[in-house]
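User: I am new to this structure and would like to learn how to read its features. Could we take them in turn?

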Amino acid sequence: METVQAKFKRILIGAAAILVLLAAIVGGVGWYSLFREVPTYYESAEEHFKYGSIGTEQQQGVPYWIWLVLPRIFPDKLPAPGGYTSLGITWEEGKEMPVGFPKKTIGFPRVGINCATCHTGTFRKTAKDKPAIIPAGPSSKFDSQGYIRFLSACASDPRFNADYILDEIKYHHEFSPFEKLLYRYLIIPQTKKALLQQQEDFAWSDSRPDWGPGRIDPFNPVKFNILNLPKDGTIGNSDMMPLWNQKLHEEFALHWDGLETSLVETVQTGAIGDGATKKSIDIAGLQRVQQFITELPPPKYPYPVDEKLASSGSLIFANSCGSCHAFGGERTGKVIPVEEVGTDRHRLDMWTQQAAEAYNQFAEGYEWDFDHLRKTNGYVAVSLDGLWLRAPYLHNGSVPSLQDLLENPENRPQVFYRGYDVYDPEKVGFVSSGSDAERAGFKYDTSVPANSNQGHLYGTDLSADDKKALIEYLKTL
């Protein structure tokens, strides 16, 4: 006959087994609902570039269903009608997500960003045309700071609560009872908390000039929010760069100031800057990105070219520009001292030796650590492949067209509007004045700190005919 003690022991063991089972079930449900990672894959290299994950969703990703309804709840926080497209975000017809905004399930669907967010160009021949989308081109219209500020403004609003958000989500998706509880008591409150923290992390930018569409301060966020270096008052506002044709850029210094010499590291630091962590960064996905931009040719100029005039211009280019800007030029891809170039030095001064050393130590112990970040004394003499789509010009985007760039600084536009992607083939740049540009664009004032259009006097002393011929040739690069 079983003793009382034995019976009690059996009950305890059974109870313990039940508790372990319940804990396992709860843990499994919790893992599945919050941390289960579902890989994404696109067969096409271009589709991967535009929509594939680089590892930013875990740390910085916004829950998809919340992200989807924010423009409907908070249209007053956007600059114009049109939802996310009012921030210059490119959205292909028939696609679920905008270009550069990967959707990935990590427990629940999340929206991150990838390289294409800032590195996808668009242009239109007329205001009525649909934009042509150019992968790996510099975005001339995406307002990355506006996007950050929109999310922060939403989170700061009392309407950012479970009642408002769940009521809006139900028009798109029906949650299970468990999902409703999860969103009401965990996901929505934690998203609000994270976005408010993001607002605090970027508060330093409020005391500096706005970036505006097509521009970004790419490394101050790294310095302050990732490397935890002291706020130093510097301004890094600069134009977004093209990524195409990297096979011909081998051994070139990278970024506007040449702070990197390794394309592998440049791609990986880009992912870290976009929100990937040491553990979440998708190295395999970034290798696909690197392969894509290595082989991708620059886009051809889409308008007629006067071949005879361009032929004359090629000789002028060889004599006046080739040493710095032609493939094979003795200074192409190298850093030219800022004292010689004479352009605004704020972007150069933003990146410090301390920051370079800290970033080189950032991933110590990981297989993909950084070793090639450095401090330089000037700006890179970039190759000019695909030049026609790189407007506005200079590292800070302070000159709207090639025609303007060949003028002395005092004759370049002092105020213009950027972010309007209708193209001006006569000046070779985007339309930057007039009512349409003013309505759709951002007022760029060259008197604002870091916005100077001074410097780069090369070619300004050419005759009017030579300038015309040179510009015709530059269209063909």
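Analyst: K141 counts as buried, because its relative accessibility is 17% and the cut-off for buried is under 20%. Please keep in mind that this is a predicted model.

User: Where does K141 lie, and with which residues is K141 in contact?

Analyst: K141 is part of the loop between strand 5 (132-135) and helix 5 (144-156). Apart from neighbours within four places in sequence, the contacts of K141 are L87, G88, T90, T122, P213, G214, G419 and D421.

User: Let us turn to a helix. Why does the distance between the end C-alpha atoms of helix 11 agree with its number of residues?

Analyst: The expected span of a helix is 1.5 Å times one less than its number of residues. Helix 11 has 14 residues and should therefore span 20 Å, and its end C-alpha atoms, 19 Å apart, agree with this.

User: Which residues of helix 11 are buried, and which are exposed?

Analyst: The buried residues of helix 11 are A310, G313, I316 and F317. They lie on the same side of the helix, because the arc they cover around the axis is only 110 degrees. K308, L315, A318 and N319, on the other side of helix 11, are exposed.

User: What caps the N-terminal end of helix 11?

Analyst: The cap is D306, which has a side-chain oxygen 3.2 Å from the backbone nitrogen of K308.

User: Against which elements do the buried residues of helix 11 pack?

Analyst: They pack against helix 12 (322-325) and helix 18. Helix 18 comprises residues 464-474, and its buried residues are K467, A469, L470, I471, E472, Y473 and L474. The cover over these buried residues of helix 18 includes helix 11 (307-320) and helix 16 (402-405).

User: What volume does the second largest pocket have, and which residues lie nearest its centre?

Analyst: The second largest pocket has a volume of about 850 Å³. Of the 33 residues that line this pocket, T85, S86, L87, G88 and A440 lie nearest its centre. Helix 5 and helix 17 (435-440) are the elements that give two or more residues to its lining.

Conventions. Residues numbered from 1 in each chain as written. Predicted model: local features only at pLDDT ≥ 70, side-chain atom pairs only at ≥ 80, totals over all residues. Heavy atoms only, no water. Helix = DSSP H or I, 4+ residues; strand = E, 2+ residues; numbered from the N terminus. Buried < 20%, exposed > 50% of the residue type's maximum accessible area, 1.4 Å probe, protein only. Contact = heavy atoms within 4.5 Å. Arc of directions from axis to C-beta. Polar contact = N/O pair within 3.5 Å; in protein donor to acceptor, adjacent residues only side chain to side chain. 1 Å grid on protein atoms, 1.4 Å probe; cavity = no way out; pocket = protein on both sides within 12 Å on 5 of 7 lines; lining within 4 Å. Points joined across faces, edges and corners; volume = space filled by probe spheres on them.
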